[in-house]
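Welcome to this short tour. Please open the structure in your viewer and get ready to select residues as we go.

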Amino acid sequence: MRNNTLIPRNLVMTLNECFYCGMKDPNFIQIQRLFGLKACDYHKASAIRDCNAYMHSMKMVKFEDAINNSKIAQFINYLQNKSDGFSILRSNGILEEGWILKPHVWYNPCLIGCVEDEWHILCHNKVKQLEKSVKISSFVDQVPIELINDTIATLNEGIYKNDYMLYNLYSNKDLSEEVPECEGIFTIPGTNIRIFNY
Ligand SMILES: [Zn+2]
């Protein structure tokens, strides 16, 4: 095993092998499209743990994980069960109808994020082809307050908290969490950008 833990990264132009042990034909564990870790069946659990720890520290929640959490699922289901969608307050001050939660798509799996201490959920307007990140607290007029409070409390607590604690427990601080590189390609330090180095 090369490392106990790894930090998720841009998967573009990385070796097609498990980042933990080098086994060929790995699974892709992705937080967003082509961002995550590659892992063999044996290390798949480690890759999920490390991706979850990353999402905990970045305050992001994937749709599939949100819907599998009983508290957050109640809030999501309540919004999704509104047959005509719901209203959101646009930045011009107008309350606009016809919005739904952004449908889950494989290339854009993150649904919930936290900006300036406010949890936001991704919404979509099919007619206008618009997407907007909406404060969960702003649904107070359309969703029972208990569902909103439970959801925000659950998000603040962190649904990936256990994996974050495990990541810190197993983290090899003396190693730099390096992943084997393809020849001639590297990630620009401090960024997520991968380039050829001629
Ligand atoms: Zn492996």
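Start by selecting isoleucine 100 and, in strand β8, histidine 124: the two stand opposite each other. They belong to a pairing in which two bridges join β6 to β8, with the strands running antiparallel. Keep in mind as you look around that this is a predicted model.

**From β6 back to β5**

Now colour β6, residues 95-101, and find β5 beside it: three bridges join these antiparallel strands. Select leucine 89 to see leucine 95 of β6 opposite. The hairpin of β5 and β6 has five residues between the strands, and there glycine 93 takes a positive phi near 90°.

Return to β8, residues 118-125, which pairs with β7 in the antiparallel sense over four bridges. Pick glycine 113, and you will find its bridge partner, histidine 120, in β8. These two strands also form a hairpin, this one with two residues between them. Stop at glutamate 116 in the turn, where phi is positive at about 50°.

Which strand pairs with β7 over three bridges? Select residues 60-62: that is β4, which runs antiparallel to β7 (residues 110-115).

**The whole view**

Zoom out now. The protein has five helices and 11 strands, and its C-alpha trace spans about 55 × 35 × 30 Å along the principal axes. Of the 198 residues in the protein, 23% are buried.

In soluble globular proteins, nonpolar side chains tend to be buried together. To see this here, select Leu37, Ala39, Val61 and Ile112, the residues with the most contacts inside the largest nonpolar core, a group of 31 residues. Several elements give two or more residues to this core, among them β3, α2, α3 and the strands β5, β7 and β8. Which element gives the most? Show α1, which supplies five residues. Both domain 1 and domain 2 give residues to this core, so the core lies between them.

Stay with leucine 37 for a moment and show its surroundings. Leaving aside residues up to four places away in sequence, leucine 37 touches Leu6, Pro8, Phe19, Ile29, Ala47, Asp50 and Cys51.

**A three-stranded sheet**

Next, show β1, β2 and β3. They form an open sheet in the order β1-β3-β2, with antiparallel pairing. Why is one side of β1 and of β2 left without a neighbour in the sheet? β1 (9-10) and β2 (27-32) stand at the edges and each has a single partner strand, so one side of each has no neighbour there. Two bridges hold the pairing of β1 with β3, and arginine 9 has glycine 36 in β3 as its bridge partner. Then bring back α1, which packs on the sheet and touches β2 and β3. The direction of α1 makes about 10° with that of β2.

**Last stop: α4**

Finally, select residues 145-157, helix α4. At 1.5 Å a residue, its 13 residues should span 18 Å, and the end C-alpha atoms are 18 Å apart, which agrees. Just after α4 comes glycine 158, with a positive phi of about 95°.

Conventions. Residues numbered from 1 in each chain as written. Predicted model: local features only at pLDDT ≥ 70, side-chain atom pairs only at ≥ 80, totals over all residues. Buried ≥ 20, exposed ≤ 12 C-beta atoms within 10 Å, placed from the backbone. Pairing = 2+ DSSP bridges. Expected span 1.5 Å × (residues − 1). Core = buried A, V, L, I, M, F, W, Y, C linked by C-beta atoms within 7 Å. Domains from an automatic or database assignment. Contact = placed C-beta atoms within 7 Å. Axes fitted to C-alpha atoms, helices over the stretch in contact; angles between N-to-C directions.
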